[in-house]
Amino acid sequence: VQLVESGGGSVQAGRSLTLSCSVSGLIFSDADLGWYRQAPGKERELVASISGSGDTNYADSVKGRFTASREYYKKEFYLRMNRLEPGDTAVYLCHAFGRRPGQINRINYWGQGTQVTVSS
């Protein structure tokens, strides 16, 4: 199983970025997916989640600015981040709670993380 992120970088406040996570080895259609972030000295926090049926949830700090989505045929999911703020600076990690073909139970999988830096 692999989760590979892309799309991080350094931007000025107010600008936008889109993170992508490519998933392989999992039954993508029933995996629950999420984006987490971790800033230096802070705990990892859930930013956005998207279920197998497409239902989304967001942290209060990003509601109205971030949008999570998934493309089933590409086996990718995304985090569109608008109106970025310096407080959004963190390492962003994609997460999947899913199962491999032939598995019964779902388990947690993580990407390697991608840095997002927002300057004022």
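A residue is called buried when its relative accessible area is under 20%, exposed when that area is over 50%, and partly exposed in between, with a 1.4 Å probe and protein chains only. This is a predicted model, in which local features need pLDDT of at least 70 and side-chain atom pairs count only at pLDDT 80 or more, while totals for chains, interfaces and linings use all residues. Residues are numbered from 1 along each chain as its sequence is written, and side-chain values use heavy atoms, with hydrogens and water left out.

Serine 51 has a relative accessible area of 17%, so this residue is buried. Its place is the loop between β5 (45–50) and β6 (56–58); strands (E, at least two residues) and helices (H or I, at least four) are DSSP runs, numbered from the N terminus. Contact means heavy atoms within 4.5 Å. Leaving aside residues up to four places away in sequence, serine 51 touches Ala31, Asp32, Arg70 and Tyr72. The side chains of serine 51 and serine 53 are joined by a polar contact of 3.0 Å. A polar contact is a pair of N or O atoms within 3.5 Å; within protein, one must be able to donate a hydrogen and the other to accept it, and residues adjacent in sequence count only if both atoms are side-chain atoms.

Arg70 also takes part in a contact with a ring. The charged end of arginine 70 sits over the ring of phenylalanine 28, 4.7 Å from its centre. A charge counts as over a ring if NZ of Lys or CZ of Arg is within 6 Å of the ring centre and within 35 degrees of the ring normal.

Next come the aromatic pairs. Rings of Phe, Tyr and Trp (its six-membered ring) pair if their centres lie within 6.5 Å; planes under 30 degrees apart are stacked, over 60 edge-to-face and the rest tilted. The count by this rule is three aromatic pairs. One of them is the tilted pair of tryptophan 35 and phenylalanine 77, at 5.2 Å centre to centre and 50° between the planes. Tryptophan 35 belongs to strand β4 (residues 32–38) and phenylalanine 77 to strand β8 (residues 76–81), so this pair ties together parts that are 42 residues apart in sequence. Tryptophan 35 is buried because its relative accessibility is 0%. Another pair, tyrosine 36 with tryptophan 110, is edge-to-face, with 4.9 Å between centres and 65° between the planes. Tyrosine 36 is in strand β4 and tryptophan 110 in strand β10 (residues 107–110), so the parts tied together here are 74 residues apart in sequence. Over the face of tryptophan 110 lies arginine 44, at 4.6 Å from the ring centre.

A disulfide is a pair of cysteine sulfur atoms within 2.5 Å, and the count by this rule is one. Cysteine 21 and cysteine 94 form it, with their sulfur atoms 2.2 Å apart. Cysteine 21 lies in strand β3 (residues 17–24) and cysteine 94 in strand β9 (residues 90–98), so the pair ties together parts that are 73 residues apart in sequence. Both cysteine 21 and cysteine 94 are buried.

A nonpolar core is a set of buried Ala, Val, Leu, Ile, Met, Phe, Trp, Tyr and Cys residues joined through side-chain atoms within 4.5 Å. The largest one has 30 residues, of which Phe66, Leu79, Met81 and Tyr92 touch the most other members.
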